Amino acid sequence: MKIYDSKTAPNPRRVRIFLAEKGVQVPYEEVDIVNAVNRSPEFRRKNPMGTVPVLELDDGTCIAESVAICRYFEELYPTPPLMGVDARDKAIVEMWQRRMEFELLWPIANAFRHRHEFFKGRIPQVPEFAEVSRQTAERNLSWLNEVLADRPFIAGERYTIADITALCAIDFGRVSKIRIQPEQTHLARWYEAVSTRPSAKA
Ligand SMILES: N[C@@H](CCC(=O)N[C@@H](CS)C(=O)NCC(=O)O)C(=O)O
């Protein structure tokens, strides 16, 4: 088993943090995404989307999509639970995980993808969309600040995959100058708590 990884990219980091929280060690193979090795025909046989991370099992099965990889390890190693503990809790964690992906990670990623040299020739870039995405991300950080006013973690009392997605999104926002603002005190308190966990170094 191994995970095709990229140390600089936000989605593979989600999986690394998830596994660090579980205390599970899996060998990683760094993929040279700068030179588009992930877009080669050989890599696309593992993941037709041409993206990392990808988990390759010993029987050759390849599982892409960060959340799908996390789900696999959550089933194998349920403790500590990072995706909920019962029907209600699992649904709540899923709700927040999807919100962090769609409302935070995706706008932050698009602020980068539609502007940065890295994606020239990889996707059709629309610089105006980069700016709209940056503004969306900033609005959603304000909203998340309010969400965190009454709870320690994004999905409630417990640290979950939703916190991991949000942490990776916010850290990646740096390259597009998307930052937590001084008045966003709930968000700042949460960020301090999650970014100082040992797993955040993964
Ligand atoms: N939805 C996918 C997104 C994967 C993704 O976009 N990976 C990026 C790195 S964060 C990538 O491979 N980028 C290189 C490229 O698109 O060429 C997931 O959750 O794994």
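Helix packing. The model I am reading is predicted. I noted the crossing of α1 past α3 as right-handed.

Which residues meet there? From α1 I listed N11, R14, V15, F18, L19 and K22, and from α3 I listed S66, I69, C70 and F73. I sorted the residues of this contact by class and got six nonpolar, two polar and two charged.

Domains. I looked up the division of the protein chain and wrote down domain 1 as 2-76 and domain 2 as 87-197. Their C-alpha centres lie 21 Å apart. For the contact I recorded seven residues from domain 1 and eight residues from domain 2.

I then asked which helices supply the side of domain 1 that touches domain 2. Both α1 and α3 do, each with at least two residues. The largest share, five residues, comes from α1. By class, I have this side of domain 1 down as five nonpolar, no polar and two charged.

Ligand. I counted 13 residues around the ligand and noted A9, N11, T51, V52 and S66 as those that come nearest. N11 and S66 were already in my list for the contact of α1 with α3. I classed the shell around the ligand as five nonpolar, five polar and three charged residues.

Definitions and conventions:
Residues are numbered from 1 along each chain as its sequence is written. This is a predicted model: local features need pLDDT of at least 70, side-chain atom pairs count only at pLDDT 80 or more; totals for chains, interfaces and linings use all residues. A residue is near a molecule or strand if its C-beta atom, placed from the backbone, lies within 6 Å of it. Ala, Val, Leu, Ile, Met, Phe, Trp, Tyr, Cys and Pro count as nonpolar, Asp, Glu, Lys and Arg as charged, and the others, Gly among them, as polar. A crossing is left-handed if the near helix is turned anticlockwise from the far one by less than a right angle, and right-handed if clockwise. Helices (H or I, at least four residues) and strands (E, at least two) are DSSP runs, numbered from the N terminus. Two residues are in contact if their C-beta atoms, placed from the backbone, lie within 7 Å. Domain bounds come from an automatic or database domain assignment.
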